[in-house]
Amino acid sequence: LEFIPIIVIKVAHRQTARLGSAIKLPCPVEGDPPPLIMWTKDGRNIHSGWIRFRILRMGLKIKEVEADDTGTYICKATNGFGSVNINYTLIVIGEGGGGSTVAGEISLFPSAMRPRFTQPAKMRKRVIARPVGSSVRLKCTASGNPRPDIVWLKDDRLLTEQEVGEGREKKWTLSLRNLTPEHSGRYTCRVSNRAGEINATYKVEVIQRTNSKPILTGTHPVNTTVDYGGTTSFQCKVRSDVKPVIQWLKRVETNEESRYNSTIEVGDHRFVVLPTGEVWSRPDGSFLNKLLITRAKEEDAGMYICLGANTMGYSFRSAFLTVLPDTKPPITPMFSPASSSLPWPVIIGIPAGIVFIFGTVLLWFCQSRKRCPPPSAPAAQVLQSSHRPPYRERDRDKDCLSSMNYEEYLAQQQLLLSQGGPTIPPKIYPKIYTDIHTHTHSHVDGKVHQHQHIHFQC
């Protein structure tokens, strides 16, 4: 296992590239942990500000190679255990392929390359019309060997550095701000070095503003379709001599008028005024505004109007929004609307009250159902009950009243005396009532029968 970064593939340290092409300088280095890669050119670190240079994981890519890209490049790979360098010498060859210039070396026959525009796509529009107060940028980025110089002319008059802007990079783009009719004319960039010269001419026309009502330019707003719950927007582009007021309106259907506090009448329909965001000023002198619709619902569908107005009048344009149906199944509520509308203390208190009342009734019923043992229990049970009952059983017996026949009571006492023996204490019945009820029954045959009942507390 290698820890120090090592070069895994042999590379050619001398690289060549044609002017305007792209080249990649590899840096095949591995290590554990993976090393940190850093590139330098002629001792200067290459960073993200070098717009044509891109540091990749396994190399350095240079786009649209220029003559000044010639030089010495070093890839330095470093981790915690060491570092390793890979050196390259880049040679930029002209379009004709003859000769080369190597940075750090003295060439007796340096290659001279005439200038060329490096961003022709940004120079296609050569006739530009702008209203008063707007701005425009004219580009003439070029390269060559040696690096060319650039000058700007307006109607064949050389512009000063104050008019063009200070700094070498700014010279490749001519910026005209707050245009006035005097800015109209032909602007020429002239790029030259000792190998040749190229030029490009722009025609700028500054349009005098007239006092008129706003004009909606372009095709916006356009009809739009959005998913239920989705997000969409309308945009509106207005040209006006002064900053206009841009307002969005939505048509109110007949059955929707009660939903809005106030509406306005436009033509034969009524509209509601919607909140409007910031109005942006564009370089071409127009003004832009957008209407954002989030979480679209069915009631958001309908006609929308962009209205642009100034002191001279107004213009408007309409578009329709279609909201697709909701495809998600509806969520069934757990409680009915009536029950969900009750306060939560009531929802909890009603069942708790019912349970409390039911428990109270049940307890009363159980207490009323208690009974004492029957007096005619077997002798074994009588003997067993002759022992002192537990505390709770005694309490229960004290509260329980029953009555028995006097003869039955005497029979029980005799049975206890005859079977108890000396070791078994006799059953003592406390609190025997002394009131004896005598019942006399007269029969038809003349016999009279009397019997008595004695009550005791068990």
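A disulfide here is a pair of cysteine sulfur atoms within 2.5 Å, and by this rule the count comes to 3 disulfides. The model behind these close-ups is predicted, so to speak of a local feature takes a pLDDT of at least 70, side-chain atom pairs count only at pLDDT 80 or more, and totals for chains, interfaces and linings use all residues. Residues are numbered from 1 along each chain as its sequence is written, and side-chain values use heavy atoms, with hydrogens and water left out.

**View 1. C236 and C306 join up in a disulfide.** The two sulfur atoms sit 1.9 Å apart. With -90° about the S-S bond, this link is left-handed. C236 belongs to strand β23 (residues 232–239) and C306 to strand β29 (residues 302–310), so-called distant parts of the chain, 70 residues apart. Strands, like helices, are DSSP runs numbered from the N terminus (E, at least two residues, for a strand; H or I, at least four, for a helix). Are these cysteines buried or exposed? C236 is buried, at 0% relative accessible area, and C306 is buried too, at 0%. Buried means under 20% relative accessible area, exposed means over 50%, and partly exposed is in between (1.4 Å probe, protein chains only).

**View 2. C27 and C75 form another disulfide.** Here the sulfur atoms are 1.8 Å apart. The torsion about the S-S bond is about -70°, which means the disulfide is left-handed. C27 lies in the loop between β3 (23–26) and β4 (29–30), while C75 is in strand β9, so the pair ties together parts that are 48 residues apart in sequence. C27 has 1% relative accessibility and counts as buried; C75 is buried as well, with 0%.

**View 3. C140 is linked to C189 by a disulfide.** Look for sulfur atoms 1.9 Å apart. About this S-S bond the torsion is about -70°, so this disulfide is left-handed. It brings together distant parts of the chain: C140 sits in the loop between β14 (136–139) and β15 (142–145), C189 sits in strand β19, and they are 49 residues apart. C140 is buried, with a relative accessible area of 0%. C189 counts as buried at 0% relative accessibility.

**View 4. Five strands line up in an open sheet.** Two strands pair if DSSP finds at least two bridges between them. In general, strands of a sheet pair through backbone hydrogen bonds, either parallel or antiparallel.

**View 5. Strands β19 and β20 run antiparallel.** How many bridges join β19 to β20? There are 9 bridges between strand β19 (residues 185–193) and strand β20 (residues 196–207). To pick out one of them, find T188, whose bridge partner in β20 is T201.

**View 6. R190 and E197 meet in a salt bridge.** A salt bridge is a side-chain nitrogen of Lys or Arg within 4 Å of a carboxyl oxygen of Asp or Glu, and the structure holds 9 of them. Side chains of opposite charge can pair when their charged atoms come close. For R190 and E197, the closest N and O atoms are 3.5 Å apart. R190 is partly exposed, with a relative accessible area of 34%. E197 is partly exposed at 41% relative accessibility.

**View 7. R52, E66 and D69 are linked in a network of salt bridges.** Start with E66 and R52, whose side chains meet at 3.7 Å, N to O. This pair links distant parts of the chain: E66 is in the loop between β8 (59–62) and β9 (71–79), R52 is in the loop between β6 (44–45) and β7 (53–56), and 14 residues separate them. E66 counts as buried, at 15% relative accessibility. R52 is buried, with a relative accessible area of 16%.

**View 8. R251 and E253 make a salt bridge.** Their side chains meet at 3.6 Å, N to O. R251 is buried, with a relative accessible area of 17%, whereas E253 is partly exposed, with 32%.
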